[in-house]
Amino acid sequence: MSTDVVPAAGLVEQLYSQLEQKARALRPSDDLAQLEKAYRMALEAHKDQLRDSGEPYIVHPLNVALILADMQMDLVCLETGLLHDTVEDTRISLDQIRKEFGDEVAGCVDGVTKLSKLHLYSREERQAESVRKMLLAMVNDIRVVIVKLADRLHNMRTLKWLPHERQLRMAQETHDIYAPIAHRLGMGKIRGELEDLSFQYLEPEASAELLREMETQRPQNEEFLSKMRHEVELNLRRENIPARVEGRIKRAYSVYQKMKRQKITLDQVYDLLALRIITDSVKNCYAALGVIHNEWHPIPGRIKDFIAIPRPNLYQSLHTSVIGPGGRSFEVQIRTEEMHRLAEEGIAAHWKYKEGKKGPGAEDQRITWLRQLVEWQQEMHDPGEFMSTLKVDLYPEEVYTFTPMGKVIALPREATPIDFAYAIHSDVGNTCVGAKVNGRIVPLKYSLKNGDVVEILTQSGHLPSKDWLAIVKTSKARNKIKHVINTTERAKAIEIGQKYLEREARRLNVQLSRITKAEMEQVAAEYGCSKIEDLHAALGYGKFSARQVLQKLVPDQVGPLLPLEAPKAVPPPSAAPAGGDTGDLVIKVKGVDDLLVYRAKCCNPIRGEGIVGYVTRGKGIAVHSTNCPNVQNLMYEVERKIDVEWARATTETFPVKVMVYTDDRPGMLNQLTSVLFAEQSNIRSLEASADGKRGADGAVVDMTVEIRDKKQLERVVAAIRRISGVRDVERIQ
């Protein structure tokens, strides 16, 4: 036997032994024979497989099961953790698992397994469909996503062994999808670790610099927390409030988010240091808050009562920020033991004391959110739209508003009265014509604030406006608006396309009345349209010309297109001509060379970025960055979406506007221009000014620079971030 096999085998047995001990301690009365059976099956199935680290593959499912055991999940979850990759990566079938372990384990394994028959689709489509499948499985059994989160957590902990491109892809997906899901399910501990691990790979320089700065301050911060903790304990004891007090330094990613959002330095983060008071009752939570405010001055606007109004993920706690000794601010969180358990473990906490149950009931608020989410996503067929709206849905809700009857409506930050209207009911949203906030009429684009009482004004027969898509923040509102607009726009497009075809037929002396329905349907099918109405709609949208259609219908009467007349989207009769512009030569429509193409001004995509085309009547193809905030507002008409790609490399540069938030100090501009000189990037314009919003020592530099491609922009931004005193760099779109 080779010397390297023994340690690996020893590690595997050691990991299983730990798992067995934890399972036995957790459920002393349960028979662990099925757990061992699952381990043996996984061990045999993965015996010839290695991870990228060189370890036996079985180490991964064992670690996933250990994470689940630490979360005190049931045996179904632990068995699923051991078997979760067998169907996807080995010859074991789902039927075998069902036969050996029953329907519950098989259902969970199936929910966690990625879709296998998607090799013909793009990576984006594979990701979208696998996430969609997981969400559907979650509705029936929430343990599916708990296993998936444990799986992702271990993969993120061992991400260093993967190639750089896969590291970035997995870190981005974790940041966009899995960490927010953990948040929405109240699993604060897992969410925090997933965010911090993603941060290390997505922003390695910013992460390393922030961690260095926080580590430098750690000794004095821990000393301050220890002193404050002791004082709080004395004060609570004096008032006979039973409590334990913990100290913590805010997580790196959370600190980074706050610094970036508010363009502030580490010293200006109010809640960098926090004490957590855990007491025995709600009454004593409020009593403890009184003790804290009696001892130290609270910071106005920083008191939050999540006990009276819990967050949508059922998080409950009192938050306050106070000014401590020496003018140092710190946060205090106050909660009961039960609230603390739910804050750390979220929905997984339901398994701790409930034997033989699937955990939370169907009425659980977090499950209700999930059911709504799945319902809203059902009608979305475009993978890009599905993923981007999902990301919006997963963002934490920050604003708590009220109906005139006192019902709480939780919405994302900067939500509008339109979002509020759709949160009440689709019909209320569709017929919304105005809103009153706290008794006063406000514009529909008004950003709702915490505590606002909102009354929606409606008018029968009113329909939503396209302009609403640019201001709404919730995907429910966006999807409902798109549906109404799509229905009316499609009806217009069908009418325009029909008239366009008739006009072109008259010009070419073609009698459409002699063409049979079957012939029309055959040509429609050649253009990927299932019905004649779809063909008319495509003509109305301007995706191709009426002459092309007629040439296919009656080739004897309409001669073949000459090279100069190669297939192109001709503007329908309602559209204005495109003019003499030849379009953008660095972008082309896939498979077609002579369509008028131009880069959208709202996002100004640069070479190397993902791009998508949108057919505009009479103007050609508008090309947007896939990250453009306007893309989802435009894509309510899927028929207008068209695949585009960057043409062969050229020396052309693109103007990119960049905002740099810095300390106000001498030499800063010199360092910025030196970075651009080193990258051979020309400056088109530059304006610098003091920035009073970021404090007396803040400044902002607004500049437009010439950039060749996405990689050069990333190098420039990274180099600027490395300059001492730079707080944030932002590309303006």
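A: Let's begin with the burial scale: a residue is buried under 20% relative accessible area, exposed over 50% and partly exposed in between, using a 1.4 Å probe and protein chains only. On that scale Glu 414 is partly exposed, because its relative accessibility is 47%.

Two notes before we go on. This is a predicted model in which local features need pLDDT of at least 70 and side-chain atom pairs count only at pLDDT 80 or more, while totals for chains, interfaces and linings use all residues. Residues are numbered from 1 along each chain as its sequence is written, and side-chain values use heavy atoms, with hydrogens and water left out.

Glu 414 is not a glycine, yet it has a positive phi of about 70°. It sits in the loop that joins strand 8 (408–411) to helix 18 (417–424); helices (H or I, at least four residues) and strands (E, at least two) are DSSP runs numbered from the N terminus.

Follow the chain into helix 18 and you meet its packing partner. Helix 18 packs against helix 20 (residues 475–507) at an angle of about 85°, with 8 Å between the axes. Axes are lines fitted to C-alpha atoms, for helices over the stretch in contact, and angles run from 0 to 180 degrees between N-to-C directions. Helix 18 is therefore roughly perpendicular to helix 20, the label for 65 to 115 degrees; under 35 is roughly parallel, over 145 roughly antiparallel and the rest oblique. Ile 418, Asp 419, Tyr 422 and Ala 423 of helix 18 make the contact with Lys 476, Ala 477, Lys 480 and Ile 481 of helix 20, where contact means heavy atoms within 4.5 Å.

Asn 604 is not a glycine either and has a positive phi of about 45°, but Asn 604 is buried, because its relative accessible area is 18%.

Now for the wider chain. It has 26 helices and 21 strands, and 50% of its 733 residues are buried. Among contacts with a separation of 6 or more, 67% join residues 24 or more positions apart. The chain exposes about 35,700 Å², of which carbon and sulfur atoms supply 51%; accessible areas come from the Shrake-Rupley method with a 1.4 Å probe, and for residues only the protein chains shown count as cover.

In soluble globular proteins, nonpolar side chains tend to be buried together. Here the largest nonpolar core has 68 residues, and Leu 19, Leu 68, Ile 146 and Met 187 have the most contacts inside it. A nonpolar core is a set of buried Ala, Val, Leu, Ile, Met, Phe, Trp, Tyr and Cys residues joined through side-chain atoms within 4.5 Å. A second, separate core of 37 residues includes Met 228, Leu 236, Val 332 and Met 339. Met 339 is one of the buried residues of helix 15 (residues 337–345), along with His 340, Arg 341, Leu 342 and Ala 343. Just after helix 15 comes Gly 346, with a positive phi of about 60°. Met 187 touches Gly 346 as well as Ala 343, among others.

Technical notes: Lists of a residue's contacts leave out its neighbours within four places in sequence.
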